[in-house]
Amino acid sequence: MGAWGTGLYASDFAADLRAVVAAVARLPLDEEGLVAAICGAEKSAADNAADEDHTVFWLVLADQFEQRGIFSARVRDAALAIIDSGKDAAMMQKLGMEPADLRKRAAKLGELRARIVGQPAGSKPRKTIQRPEPYVFEVGGVYTYPTRGGDTINPYVGAKYFDRSKWSPDGFGLMLVIGRGRAFDYLAWYQAAASVEVVPLIPDRTNLVGEIRWGLPIYGTCSPAHFRKIELEEIGVFPFDQTRLDHFFPHLAQGTTYAIHDISLANGMKITGREVAHRWRRPDGKLERIVYPPRPTIAELMGSTA
């Protein structure tokens, strides 16, 4: 029962849901639009009463909405029904929570109930983004960036703590963007692949298309500020053959989680010459290692030899 604990955020699911609420609360949606977006991100937990995370979903949502000054009658009523009916206690008991912990959780839910019952029936103003985040990369685009020991400039370090004049690159990394999208239609994310090796000079088109090979997929976000700090430059955009892309990069994941947590592509752009195993979740729920074909060139991704 230690994985659940007595608090609302003791489980990984609850902590992840809090991050989803924080991300969605930035969007210029009304209250029901926010609820719909969050339910869409966690559909089984939201809609399936038999899901072990169902009660946690609505309780965490009610807690986060109350803390953020967002009022939704649907969320309030769902949470009150769960608390008053004893559904949460029944699920926690089914999952193995000890009697002493059930009593502690009941006390915390009593506090939550008092807060949401006393919540004003109207939302406070909140700061939101005004439009979908702009894309900074083109699909099929190849971008170069200076590296030192295979690593990028750290985009999280401000100018006060980073002296660019003392950071001497010893090569260049290359990154190929193979997909992009927006979480909740607003938060931009990317699928990409870095070159297998650092290059001493930016390659010409012939070498870029026919000789550079691309590593395993990486995922993340990239704000215009990070784009500038990493010193990324576009050196070409190439059309892919989708069947070839699917062959060389099977089981590509969506980047929604990276957008929610704002995890930068920079975290995966270091070129080490070593490959980290990737896994995918099979329909039966089990994780299986992905066996990739030999790393491709752009020519092979385009379905050509030139």
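**A cavity and a helix pair**

The largest cavity is lined by A62, F65, I70, F71, S72, V75, R76, I116 and Q119. The model is predicted, with local features needing pLDDT of at least 70 and side-chain atom pairs counted only at pLDDT 80 or more, while totals for chains, interfaces and linings use all residues. Residues are numbered from 1 along each chain as its sequence is written, and side-chain values use heavy atoms, leaving out hydrogens and water.

Q: What makes this space a cavity, and what volume does the largest cavity have?
A: On a 1 Å grid over the protein atoms alone, a cavity is a set of points where a 1.4 Å probe fits but cannot get out, and lining residues have an atom within 4 Å of a point. The structure holds 1 cavity of 30 Å³ or more, and the volume of the largest cavity is about 30 Å³.

Q: What is the make-up of the lining of the largest cavity by class?
A: The lining has 6 nonpolar, 2 polar and 1 charged residues, where Ala, Val, Leu, Ile, Met, Phe, Trp, Tyr, Cys and Pro count as nonpolar, Asp, Glu, Lys and Arg as charged, and the others, Gly among them, as polar.

Q: Why are α6 and α7 called roughly antiparallel?
A: The axes of α6 (residues 87-94) and α7 (residues 99-117) come within 11 Å and cross at roughly 150 degrees; angles over 145 degrees count as roughly antiparallel, and α6 and α7 are therefore roughly antiparallel to each other.

Q: Which residues of α6 and α7 meet?
A: With contact meaning heavy atoms within 4.5 Å, D88, A89, M92 and Q93 in α6 meet L102, R105 and L109 in α7.

Terms used
Axes fitted to C-alpha atoms, helices over the stretch in contact; angles between N-to-C directions. Helix = DSSP H or I, 4+ residues; strand = E, 2+ residues; numbered from the N terminus. Parallel < 35°, antiparallel > 145°, perpendicular 65-115°, else oblique. 1 Å grid on protein atoms, 1.4 Å probe; cavity = no way out; pocket = protein on both sides within 12 Å on 5 of 7 lines; lining within 4 Å. Points joined across faces, edges and corners; volume = space filled by probe spheres on them.
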